[in-house]
Amino acid sequence: MKVEIDQATFSALTGRTQGIVDRRSTVPMLANVLIDAGEGDVLEVSATDYELYMRASCEAKISRKGRVCINARDLNDIVKNMPSGPLAIEQEKPGQVTIRSGNIKFNLHCAPAEEFPELPEIKEVQYFEIKPKDFLDIVSHTIFAVASDDPRIFLNGAYIETPKAGKIRMVGTDGHRLALIDRELENSPMFENSVIIPRKGLNEMTKLLSEGVGAEEKIEIGFTRTNAHLRRPGISLMIRLIEGEFPDYNMVIPRAAEKIATVPRRAFIDALKRMSLLSVERTFGVKMRFSEGSMKIESSHPDKGESMEVLDIDYGKEELSIGFNARFFLDVLTVLDCDDVKLELSDELSPCVLRPALSEDYRCIIMPVRVS
């Protein structure tokens, strides 16, 4: 193999693989990437952890074809610290790849390409186009509620379904809170079956989609029975879906609220940040006391002290005192883009439904906690 490639271009490619490779796996090869210098002056870099498969490509000057496996972290660290300009990559003898730039030279150990896991063939995928910012908006409003290491595997991913043609719904929950968003999308097909995309896969999707925010470029997303697929020029990502049945999220959404408070979002964020400073770190518990026209937020720590802040809100006369994890509220409030939010409440033991004051397409259900 003998290749000449631009440093910035190659660094972008190797950087994309870092979230895919599995450095803790008992299979050492999963810490590597596959470098494939093939036909047509196109260099491909592939990475997998058996759950996610990524293949990225770019133009390069290929003088001699070849395929090798190189440790992903070492390769990325070296390439991103090289000076800008052309890089020369060459396998001069078995088990070693040389990377040169001017007077700089690295000799890296490599493994045969045959030892790299075979990438599955992608076929029979029905793709639909979507603007990156639209899908990013959907994911950002739900991913914070997705569990990260729950023994109930189906909670470690976001649930996607199409209630009707042209509408997509994403739901995330960790058992303590639930976020649900509906979005109207052009050309969104009806899924034959709902799917659960793992949290790690969603994170990698958002990284790739973020590169296209603000551009008119559209990306393509598709689903099969076992995998989710994302592709854009020069890159494709396949994610193995979580098997299992997602819980009936409708069962935890309160049907009617007895008490409704309209709260200024920015002031609410600032108050929760201040009050959580003296909350117990394990639960970040704060007490919210609702009364006519106001909400008092209180926190206390046995070793640090107490704090209190009062916000002017739109609320009726019936008083209510209820405890919540302040971090759960901050997670959702910071991704919303609205002036006011509505808190729909019933009693001190029932969950709160938080939604934008002027929208019915999004809601976050937060369970109360005991706060002394």
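**Entry 1: overall make-up.** I began with contacts, meaning heavy atoms within 4.5 Å. Among contacts between residues at least 6 apart in sequence, 65% join residues at least 24 apart. A note on provenance: this is a predicted model, where local features need pLDDT of at least 70, side-chain atom pairs count only at pLDDT 80 or more, and totals for chains, interfaces and linings use all residues. Residues are numbered from 1 along each chain as its sequence is written, and side-chain values use heavy atoms, with hydrogens and water left out.

I then listed the secondary structure and found 6 helices and 26 strands. These are DSSP runs numbered from the N terminus, with helices being H or I of at least four residues and strands being E of at least two. Taken along the principal axes, the C-alpha atoms fill a box of roughly 80 × 50 × 40 Å.

For burial I used relative accessible area: buried is under 20%, exposed is over 50%, and partly exposed is in between (1.4 Å probe, protein chains only). Of the 372 residues, 52% count as buried. The protein exposes about 18,500 Å², and carbon and sulfur atoms supply 45% of that area. Accessible areas come from the Shrake-Rupley method with a 1.4 Å probe; for residues, only the protein chains shown count as cover.

**Entry 2: a four-stranded sheet.** In what order do the strands of the open sheet of 4 run? I read it as E22-E21-E20-E23, with antiparallel pairing. Strand E22 (305–312) and strand E23 (320–325) are at the edges with a single partner strand each, so one side of each has no neighbour in the sheet. From one strand to the next, the twist averages 20 degrees. Two strands pair here if DSSP finds at least two bridges between them.

Strand E21 (residues 294–301) and E22 pair in the antiparallel sense over 8 bridges. Glu298 stands opposite Met308 in E22.

Helix H5 (residues 265–275) lies across strand E20 (285–291), E21 and E22, and runs at about 170 degrees to E22. Helix H6 (residues 326–333) lies across E20 and E23, at about 75 degrees to E23. For these angles, axes are lines fitted to C-alpha atoms (for helices over the stretch in contact), and the values run from 0 to 180 degrees between N-to-C directions.

**Entry 3: cysteines.** How many disulfides does the structure hold? I found 0, taking a disulfide as a pair of cysteine sulfur atoms within 2.5 Å. For Cys338, the nearest cysteine sulfur is that of Cys364, 12 Å away. For Cys352, the nearest cysteine sulfur is also that of Cys364, at 8.5 Å. Cys352 is buried, with a relative accessible area of 0%.

**Entry 4: aromatic rings.** My rule pairs rings of Phe, Tyr and Trp (its six-membered ring) if their centres lie within 6.5 Å; planes under 30 degrees apart are stacked, over 60 edge-to-face, and the rest tilted. The count comes to 5 aromatic pairs. One of them, Tyr159 with Tyr249, is tilted, at 6.0 Å centre to centre and 55 degrees between the planes. Tyr159 is in strand E12 (residues 157–161) and Tyr249 in the loop between strand E18 (235–240) and strand E19 (259–264), so to speak a link between distant parts of the chain, 90 residues apart. Both tyrosines are buried, and together with Phe246 they form one aromatic cluster.

Phe324 and Phe329 make an edge-to-face pair, 5.0 Å centre to centre with 65 degrees between the planes. Phe324 and Phe329 are both buried.

**Entry 5: Met238.** I found Met238 in strand E18, buried at a relative accessible area of 4%. Leaving aside neighbours within four places in sequence, Met238 is in contact with Glu51, Leu52, Tyr53, Pro120, Ile122, Asn227, Ala228 and His229. Met238 and Leu119 are 119 residues apart in sequence, yet 9.7 Å apart in space, C-alpha to C-alpha.

**Entry 6: positive phi.** Asp41 is not a glycine but has a positive phi of about 55 degrees. Asp41 is in the loop between strand E2 (32–37) and strand E3 (42–48), and counts as partly exposed at 38% relative accessibility. Tyr50 also has a positive phi, near 80 degrees. Tyr50 is in the loop between E3 and strand E4 (52–59), and is partly exposed at 37%.
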